Amino acid sequence: MSDPAKVRRHAERVRELVASVVRSQIKDPRLGMITITDARITADLRDATVFYTVLGDAVAQADTAAALESAKGLLRSTVGKALGLRHSPTLTFVLDDVQDQVKHIDDLLAAARNADAEVQRLAAEANYAGEAQPYRVDDETDEAEETDEADEATDVKDTSRGGETR
């Protein structure tokens with residue numbers, strides 16, 4: 001198994017090499033407005049996955065995928081020579097649907113904002129079901145009960161003095 005730092009460096013180098021070759025050497029008319037977004041390589045440096053985005057509709061994405069598939073041999077030999085590895089990594093191209101994910105997340109955030117606004121609106125209009133503080137006891141009745149109990153405790157008969165109350 002390789003060092004993780006070495007694997008990251010090779011993955012970054014694969015991304016740069018593929019982007020450079022796509023920009024300068026591939027002259028396929030099916031190749032659309034492509035951006036190489038990321039590359040990942042396995043720990044044994046045998047398989048590389050290259051992520052890309054294409055500006056355009058589904059037809060442009062399909063055409064670009066076909067162009068990349070046909071240029072895979074050129075890309076693999078260029079990457080293998082540049083990396084100087086014993087085995088050139090096999091390249092797999094995956095359409096990176098970042099825009100779709102961003103749109104989906106934006107829609108979810110908008111729905112959450114609307115739900116929060118609705119909850120705040122309902123909370124502002126809400127009233128308590130009963131009293132505002134159902135467990136509160138009036139302070140005046142508490143003080144009166146405490147003084148009555150204190151008076152009863154001091155009004156104990158002292159039998160040693162002949163039955164007087166103190």
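This is a predicted model: local features need pLDDT of at least 70, side-chain atom pairs count only at pLDDT 80 or more; totals for chains, interfaces and linings use all residues.

**A look at the core**

Reply: For the overall picture, the accessible surface of the protein chain is about 12300 Å², and carbon and sulfur atoms account for 50% of it. The chain has 166 residues, 22% of which count as buried. It holds 5 helices and 5 strands, running α-β-β-α-α-β-α-α-β-β from the N terminus.

Now to the core itself. The largest nonpolar core has 27 residues, and those with the most contacts inside it are Val14, Val18, Val22, Val50, Leu68, Leu75 and Phe93. Two or more residues each come from helix H1 (4–24), strands E1 (33–41) and E2 (47–55), helices H2 (58–70) and H3 (72–83), and strand E3 (90–95). H1 is the top contributor, giving 7 residues. As a general point, nonpolar side chains in soluble globular proteins tend to be buried together.

Setting aside residues up to four places away in sequence, Val18 touches Ile36, Val50, Leu75, Val79 and Phe93.

Have a look at Thr64 too, which sits in helix H2. Thr64 counts as buried because its relative accessibility is 0%, and the cut-off for buried is under 20%. Beyond its neighbours within four places in sequence, Thr64 is in contact with Arg30, Leu31, Gly32, Ile34, Tyr52 and Val54.

Zooming back out to the protein chain, 59% of the contacts between residues at least 6 apart in sequence join residues at least 24 apart.

Conventions
Residues are numbered from 1 along each chain as its sequence is written. Side-chain values use heavy atoms; hydrogens and water are left out. Helices (H or I, at least four residues) and strands (E, at least two) are DSSP runs, numbered from the N terminus. Buried means under 20% relative accessible area, exposed over 50%, partly exposed in between (1.4 Å probe, protein chains only). Contact means heavy atoms within 4.5 Å. Accessible areas come from the Shrake-Rupley method with a 1.4 Å probe; for residues, only the protein chains shown count as cover. A nonpolar core is a set of buried Ala, Val, Leu, Ile, Met, Phe, Trp, Tyr and Cys residues joined through side-chain atoms within 4.5 Å.
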